[in-house]
Amino acid sequence: MILSFSSTTVYSFDGILVFGLLFICTCAYLKKVPRLNSWLLSEKKGVWGVFYKAAVIGTRLHIAVALSCLVMAFYVVFLK
């Protein structure tokens, strides 16, 4: 049996970038909500720490994240 991976890909790099940007933006927004901040973003280690770290990236690098979102939106709408 010969497997060919020439034209089909399950995961695309731009899809992973879109997911990462949306995840960072969502976590940064949830950090502003008091109840969700204490419930979801209280852990700083482990699996739940990923949400905290994404929120920190989103709040500290908000200009870079916003510009990345704009560039990615332009790419998805016009170039893809």
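Select Ala28. Its contacts (heavy atoms within 4.5 Å) include Ala55, Gly58 and Thr59, not counting residues up to four places away in sequence. Ala28 is found in helix H1. Helices (H or I, at least four residues) and strands (E, at least two) are DSSP runs, numbered from the N terminus. Ala28 is buried, because its relative accessible area is 13%. Here buried means under 20% relative accessible area, exposed over 50%, and partly exposed in between, with a 1.4 Å probe and protein chains only.

The model is predicted: local features need pLDDT of at least 70, side-chain atom pairs count only at pLDDT 80 or more, and totals for chains, interfaces and linings use all residues. Residues are numbered from 1 along each chain as its sequence is written, and side-chain values use heavy atoms, with hydrogens and water left out.

**Whole chain**

Zoom out. The protein chain has four helices and zero strands. Along the sequence, the pattern reads α-α-α-α. Of the 80 residues in the protein chain, 19% are buried. Take the contacts between residues at least 6 apart in sequence: 61% of them join residues at least 24 apart.

**Helix H3**

Select residues 49–60. This is H3, with twelve residues. From first C-alpha to last, H3 reaches 16 Å, close to the 16 Å expected at 1.5 Å a residue. The expected span is 1.5 Å times one less than the number of residues. Which residues of H3 are buried? They are Gly49, Ala54, Ala55, Val56 and Gly58. Show H1 (13–31) and H4 (62–79) as well; both are among what covers the buried residues of H3.

**The core**

Next, select Leu21, Ile24, Cys27, Leu30, Leu40, Leu41, Ala54, Ala55, Val65 and Met72. These ten residues form the largest nonpolar core. Such a core is a set of buried Ala, Val, Leu, Ile, Met, Phe, Trp, Tyr and Cys residues joined through side-chain atoms within 4.5 Å. H1, H3 and H4 are the elements that give two or more residues to this core. H1 gives the largest share, four residues. Centre on Val65. Residues up to four places away in sequence aside, Val65 touches Leu21, Ile24, Cys25, Ile57 and Gly58.

**Two cysteines**

A disulfide needs a pair of cysteine sulfur atoms within 2.5 Å. By this rule the count is zero disulfides. Cys25 is partly exposed, with a relative accessible area of 31%. Cys69 also counts as partly exposed, at 26% relative accessibility.

**Asp14**

Move to Asp14, in helix H1. Is Asp14 buried or exposed? Asp14 counts as buried, because its relative accessibility is 13%. Its side chain makes a polar contact with the side chain of Ser12, at 2.8 Å. A polar contact is a pair of N or O atoms within 3.5 Å; within protein, one must be able to donate a hydrogen and the other to accept it, and residues adjacent in sequence count only if both atoms are side-chain atoms. Leaving aside neighbours within four places in sequence, Asp14 is in contact with Met72, Tyr75 and Lys80.

**Annotated spans**

Finish with the record. The unreviewed UniProt entry lists residues 12–30 and 50–78 under "transmembrane region". Select 12–30: the chain there is 95% helix and 0% strand, with end C-alpha atoms 27 Å apart. Then select 50–78: 97% helix, 0% strand, and 32 Å between the end C-alpha atoms. UniProt positions follow the numbering used here, feature names are shortened, and annotations may be inferred rather than shown by experiment.
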